[in-house]
Structures are given as structure tokens and as C-alpha cells.
Amino acid sequence: MFLETPSKFAPLIHQARQVANEVFRPISRKYDRAEHAYPHELDMFATIMDGMNDGAGDGGAGAGKLARSGAGNGETGNRNGTNMKTVLGLIELCRGDVGLALSIPRQGLGNSAIAAVANEEQLARFGNTWAAMAITEPGAGSDSAAIRTTATEDGDHYVINGEKIYVTAGDRADAVVVWATLDRSLGRAAIKSFVVEKGTPGMTVERLEKKLGIRASDTAAIRFENCRVPKANLLGNPDISVDKGFAGAMQTFDNTRPVVAGMAIGVASAALEKTKEILSGVGLNTDYQLQTWNLPAASRELQLMEAELEAARLLTLRAAWMADNGKPNSVEASMAKAKAGRVGNRITLRCVELCSGVGYGETELLEKWSRDSKILDIFEGTQQIQLLIIARRLLGKSSAELK
Amino acid sequence: MTRDPIGMALSAMTRLAASPLLDRLGLRSSVEKTAYHGTRAGFRTIALAGREFNRVSSWLPRKKLPGKAKPALFDLALDDDQQMIVDTVGRFARDVLRENAATADEAAAIPADVFESAAELGLTLYAVPAEFGGVADSISPTTSVLIAEQLAWGDMSLAVALLAPFSVAQAISQWGTGEQQSRYLPAFCEGQPPVATIAVDEPAPLFDPMTPTTEAVPTQNGYRLNGLKHCVVLGAQSDLILVSALLHGTPKVFIIEGTQAGIELSAEATMGLRASQPARLTLNNVELPQDALLGDDTFDYQAFLDQGSLMRCGLAIGTAQAALDYTIPYCNEREAFGEPISHRQSVAFMISNLAIETDSMRLVTWRAASRAETAQTFHREACLARVLCNEKAMEIGTNAVQLLGGHGFVKEHPVERWYRDLRSVAILHGGLHA
């Protein structure tokens, strides 16, 4: 048993931290204010990141590499692989800026979906495509089985009709992975994902949302009107099988939830570090103590928040470690997401409070981080959805029993 | 005689397997068990009354156990050695501790058989270097925490009592001078190890173990101690007590034998941990020799407390896990409004949070322990683990009672006991050392 960050990832963490400090932080406020402006600074960085990944001997890191690690590669023994590496990298990047991290070309959640369910031909075709993920609809959020967007077979194509909202990087990405149903009467098993490349006739970005936080990241509403995509763009198996269909698509989340948890840990770490710096600057004792009740309330709160953050971080590394080692990790991924989502939000908000006017003003980034963190307890499954997944598994309940 | 980890675990297993007593306890029907609950004479009968520890004339040099090698990778798997210990101790906790917990709590005493069969586990052997008769070839805080976790799953109160002598052996192994190790450690490797404990806590509001009011004053021949300690686990029964006191304004630890003049021990009634027989210890002009001061200049009182905290966290995790394992089937079986209460999100989400926070405590504590075990700094991690366990352990305790409703409030179910025991997590610092 050993719970330290493996030293082989130190260079990656160092690089990501440099990016956070030297690339993201200096432009963080700029793109928070200039919502919907494209952060050109990221293009060069994305190229560097591609180079880092392609050059890596152990399979690289990033959204597009997640599911390829661990399972079924014949290796035995303990592995610290792509999932852990990606989480560790994202923690550092989000210490810089969550919105910008979500805007890194070719690191979209759609890339994780492609990695999770694509066949070899599709991987080759879409491996270098920046792919966003379109699941949510105006009438279906957490209940993703209730989506109404349809995909109708027509010769060599599927014709997609419907409306998707909250598509992260939906305008900037090269393609969108769209969830649609082949037959609404067949329920969740008929839900498949389709790669729709940008510029495909019938796909229109309707608007970009104005948001509470992560303003550097564009969030698009996209309309599909008789949008024809080649049959070969259906990811995975086109058969409607009750066993696998939806579950396969949902498995993407087992790998992406720890990544989103990592984002929450990153932004909360930034807030906590800054707050400790500000408060120790005015003479607050920030030493660690076994008995904290004789400390000022703020000192105790800082230690407790750091402990909560440490718990979230280790739950997240556990989920990633399990994925790297081919162990089923649905419950652990949800535990990581639930814990990191809520403590990330709580910490960033408390840090604003502890720094008072300094925290609330826009001179510092603390108020921004407290706005950015909120989405991390919502997307990729809300807090409540995570608790539901965990409870169903622990209690052995179906979705019909525990609604 | 150095044994490798596998040999060490096998040695313990063999001792355990050879015990007809444990077999008997493990196989007993619940009726037989109830019958023997009646004989709650306490273990005092089997302890050696007024045990004395003679100075040894030719003592061995101080043995400082090394840390383990630092692995290259993050790894949550237990090694074979740890797995074997966890399985063995877990079985004992299930078959012996859990079965006796209610009776022991009620009687505020440990059934003699429990203490005797616990001795068969040979826990203290893991704390003592081979040179002094034990099996330890490196420090092992992780294994210690795992043991605490397993024992506490059975019963925190009995776990605290069984871990007190283990912890004293750990503390003397880690901090003792060669003379102190030679004098005290061999006894912990005998079939019937001494009853021993660590007295840190004092009955003061906002008590901070870093600043005890118990004071040691230098005398011509040694030290004179005055002060008051409370919640001293097995205090009245102990042959050996490690006591914290301020010496020249710096907290130190002194070794006091049970026969020492000037000490007075009286039973203390507490909310929980009743089977551990907490005692109040009065030190009234206790005259101690020079060599009663634990260790030398390298003694680190903060680290001494940090290691106790790791064990406290282990106890919290084990009891929290017990609560989770108990509330899941209860909520599935208990029906209200025509269906199991677990079909309601307000109930189910409490279960999810119980699990999340139990694992939170576990991972943060494991990290601190694994840092200690590989000889890295661990003060920060121990403090984080402690403050987290302080908060979450009680939250889990109160929510477990809540989930059982009225049934949680009565002694027919163990959760009210866990509630009382879990309250101690944030409060106590003595009695334990990893």
C-alpha cells in the first residue's frame, strides 16, 4: 500500500503546473470577462500537448486516451497508467483555469466517448478530431434515457433530428458526439452515439449560453434538422441489445467522472492555496494541529478544508487507479465525483468568505473560482445522480426500485 | 533470529491455529456464547498481579527499526502479509469481539476469555524487534492501522483495550533506549504479555495533548511528577503506564510501573468505550529514577501523538464500516409505506454518504500511515486524517442511529453503542501508538 503520487509522473505534473501558471492564469480574467471570445493562446499549447502525448512511451494522457488503458492488455501487477496520469494533469491545469482547460483542442469529453466505444476504424478516423459531447436536451438532463433526439436509418446514412443543449466546446470543436435514439419505443437500449462533423448540413449552433462560471469555455445549443451522417459514424455496435447498448455508452462516465472530479480538486486547490497565502500574510496561524479547537476559527476551517480536499483527491486517484488496473470502478468513480464536486464547491465559496472583500472583488481570482466550481458538481452527473448510483449499488437496488 | 514478512505472518497464524480456545469461541453456538457471557469476571484474574520489571544488567544496544522501502507506484492493494493479518484479525473481531461487545459494554469489563484469546493473536509480537523476541523487522504503521480498523469493526471499546499493550510495545520499540527496550520488550513477547497503557488525556475543557498540565520536576535522582490524567484505558489493571508530562516546558513521556508509589487509580464512568475500563490516574509526588524518561534527545512528542492519532483514525474507520455494514441490510429489510425504506432517496442518500465518508477517512488515514511507514514526514497528513475523522466519525455515528430510528436508540441494536464510542474519536489522544 502506497498512496503517494508516483514519481514517474512528476515531469507531467511539473509541465501542467507551468501551463497553469504561465499560460492559463495570466489570461484567466481576460476570458472570464470576454465570454465567447476564442482563446487563441490555447492553439499553440494544444500542439505542445499533442506532442507530449504522442511522444509518451506509456500511452500518453488526455481525454482521448482514457479507456485504452488497463483493461485486457495482458499485463499483470500494479499499474499507474493513463487514467491516473490524465487526472493528475487535469488537477494541475485546473489549478490554472477550469474554463480554459475545458477549451483545450482535442481534449473534449467527446474524445473520451470515442475512446471508450469506437472501433479501430473509427479510432483511426476520429483519433485526432476535437470532439464535444451532446447529451442534454431541453427536456432531458440527468435522465439521459429520456432523450428525444432521433436517428433514422436511410440508406447508407442516419438522419438525425432534435435539439441539444449545454454542449461544452460545441461551437469550437471539430465534431460533436450526439446521443440519439434509433427507436424511442425500445427505451435506453436504442440510444446510440453518433459523430457529427462540423459543417454537416442540418447541424446548426443556435446560440452560446451566458453562464455563472467557466465563461472561457463555450457552451452551445445545437439544432439537428434532417442532419445526415454516414452509418460508419455510429460509435460502437449498431445492434439494439438490452444488455449492452446503453450501458456501453454510460461506461464512458466511469472514466470521465474521475477527470471531472480532478477538475474540482484543481480549482479548490487553487482557492485554498491562495487563501492560505492571503491569510498567513495577515498573520493567521496555518500550522497543522491534532487538536484544532484552540485555533482561530479560520485556521481550523483551513485545516478541515484541506482534509476534505485530500479525501476527494485520494478518492479520485483510487477510481483512476482502478481503471488503470482493469477493475470495475463505477461506484468509486461516482464517489470521487460526488465528494470532489461538493467539497470543491464548498471550499471555493468558503475561501471567498474567509478573504472577505478581497475574496469577493475581481482583483483576485477567488470569486471566479467559486463561480467556476459550481458546474463541476453538476455536469457529468449531478451530485444527486452520483449518490443515486452509489446507493443503488450498495443497496442492490434497480432503478425501478430506488427511483 | 530474523523472520521475513511471510514467516512473521505464518508465525502468528500458527499461534492462532494452535489455540483451542479460539477454535472453541469461533465454533460456539450463540447459546453457548450467552452462557459464557455470564462469567464476566474481567481479565484481571489472568494478568500477573503486581508484575515487576527488573533492570537488566547486560542490555542490548538500542534497536531502531528501519522504515520500509518507498515503492515507485501508487498502490491500494495490501501485500500478502497485510492481507493475512487483516483476515486473521478480522475473523477474530467478527467471532469474538462483536459477539461479546454488548455484554462487555454492559458490564464495563472485558470477559476473561476475550483477553485470553486475544493474547493468542500475538499482536504485540508485531510491535517488537526480533532482537527482543518479537517478529518486527521494520516499522509498520500501516499494518497497525489495519489491525485497529479490523478490531474496531468488532467493537471499538474492546479494540482500545486490546491495543493498549500493543501500543506501549510500539512506543517502547520506537522511542525506548537500549536499556528500556531490553528491560520491557521481552515481556511483551511472552505468552501472557503485560497489561500496559498510555496516559495522555487530562480532564480539562479544550484539552490539547501538546500542553499537558501534568508536570515533571527534576530531582537529584530523577524526576518528581504531579498531575491528573483521565480516560486511561485499563489504567487500574496496568503493569506499565506511559505518562505524558511537561518537563522544563517541553512535553515528555515517562515510564511508570503499576507498583509505583504515589500513583492512584480509580475507575471512571464514561459515555462510551466502557469495556476498556477507563481510569483516572492521580500522580502525587511520584518519584521516578532517571531512566524512567522514555527515550533520549531524539524523542519526538509530536510524532508520538501523531502515531496515536493514526490508530484513533483506524478505530474510527473500523466502527464506521461496521455501521455501514449494519445499516444496509437494515434499511433493505425495514418496511414503511409498503416498501423497504431503502427505496426512498432520503434514506438511500444517507447510505451513500456513509460510504463516501468512510472511504474518505480510510484513504486519508492510509496515506498518512504509508508515509510514516516509508519514513517520510507525516505530521501534515496525520493532522488532516485526524481532523477529518473527528468530523466524519461522529456524523456517521449519528446518522446510523437516525437510519434505524427508534430501533437505533435502544440497546437491542449495536448502533447506539457505536454512537457513544464514536464520540470519543475527536476527544482522546492516549492509549494508542502505531
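Predicted model: local features only at pLDDT ≥ 70, side-chain atom pairs only at ≥ 80, totals over all residues.
Trainee: How is chain A divided into domains?

Mentor: The assignment gives domain 1 (7-122), domain 2 (124-238) and domain 3 (248-395) for chain A.

Trainee: How many Å separate the centres of domain 1 and domain 2 of chain A?

Mentor: Taken over C-alpha atoms, the centres of domain 1 of chain A and domain 2 of chain A are 23 Å apart.

Trainee: And how many residues are in contact there?

Mentor: In chain A, 26 residues of domain 1 are in contact with 26 residues of domain 2. On the domain 1 side, α1 (10-33), α4 (98-101), α5 and α6 (120-126) of chain A each supply at least two residues.

Trainee: Which helix gives the most to that side of domain 1 of chain A?

Mentor: That is α5(A), with 6 residues. By class, the side of domain 1 of chain A that touches domain 2 of chain A has 12 nonpolar, 8 polar and 6 charged residues.

Trainee: Staying with α5 of chain A, how many of its residues are buried?

Mentor: For helix α5 (residues 109-117) of chain A, 9 of the 9 residues are buried, so the helix is largely enclosed by the rest of the structure. The buried residues include L109(A), I114(A) and V117(A). Among them are also G110(A), N111(A) and S112(A).

Trainee: What does UniProt list for residues 132-227 of chain A?

Mentor: An unreviewed UniProt entry lists "domain: Acyl-CoA oxidase/dehydrogenase middle" for residues 132-227 of chain A. In the model, residues 132-227 of chain A are 0% helix and 51% strand. The end C-alpha atoms of that stretch are 17 Å apart.

Trainee: Changing topic: how many residues does each chain give to the contact between chain A and chain B?

Mentor: The contact takes 40 residues from chain A and 40 residues from chain B. On the chain A side, α9, α10 (330-354) and α13 (383-395) each supply at least two residues. The largest share of that side, 12 residues, comes from α9(A). By class, the side of chain A that touches chain B has 23 nonpolar, 9 polar and 8 charged residues.

Trainee: At what angle do α9 of chain A and α10 of chain B pack?

Mentor: Helix α9 (residues 297-324) of chain A and helix α10 (residues 345-373) of chain B pack at an angle of about 90°, and their axes are 9 Å apart. The two helices, α9(A) and α10(B), are therefore roughly perpendicular to each other.

Trainee: Which residues meet there, α9(A) against α10(B)?

Mentor: From α9(A), A307(A), E310(A), A311(A), L314(A), L315(A) and R318(A) meet D359(B), S360(B), L363(B), V364(B) and R367(B) in α10(B). The residues of this contact divide into 6 nonpolar, 1 polar and 4 charged.

Trainee: Why would residues three or four places apart point the same way?

Mentor: An α-helix has 3.6 residues a turn, so residues at that spacing point the same way.

Trainee: Now chain B itself. How many helices and strands does chain B have?

Mentor: Chain B has 13 helices and 9 strands. Of the 434 residues in chain B, 55% are buried. Among contacts in chain B between residues at least 6 apart in sequence, 79% join residues at least 24 apart.

Trainee: And which domains is chain B divided into?

Mentor: Chain B is divided into domain 1 (5-47 + 62-194), domain 2 (215-292) and domain 3 (301-422). The contact of domain 1 with domain 3 in chain B takes 26 residues from domain 1 and 22 residues from domain 3. The largest share of the domain 1 side, 10 residues, comes from α6(B).

Trainee: Where is Q277(B) found?

Mentor: Q277(B) is in the loop between β6 (263-267) and β7 (279-289) of chain B. Although Q277(B) is not a glycine, its phi is positive, about 50°.

Trainee: Is Q277(B) buried or exposed?

Mentor: Q277(B) counts as buried, with 27 C-beta neighbours inside 10 Å.

Trainee: What about A375(B), where is that one?

Mentor: A375(B) is in the loop between α10 and α11 (379-404) of chain B. A375(B) has a positive phi of about 60° and is not a glycine. With 14 C-beta neighbours inside 10 Å, A375(B) counts as partly exposed.

Note on methods. Residues numbered from 1 in each chain as written. Chains lettered and ligands numbered in written order. Domains from an automatic or database assignment. Contact = placed C-beta atoms within 7 Å. Helix = DSSP H or I, 4+ residues; strand = E, 2+ residues; numbered from the N terminus. Axes fitted to C-alpha atoms, helices over the stretch in contact; angles between N-to-C directions. Parallel < 35°, antiparallel > 145°, perpendicular 65-115°, else oblique. Nonpolar A, V, L, I, M, F, W, Y, C, P; charged D, E, K, R; others polar. Buried ≥ 20, exposed ≤ 12 C-beta atoms within 10 Å, placed from the backbone. UniProt positions renumbered as here; feature names shortened; annotations may be inferred.
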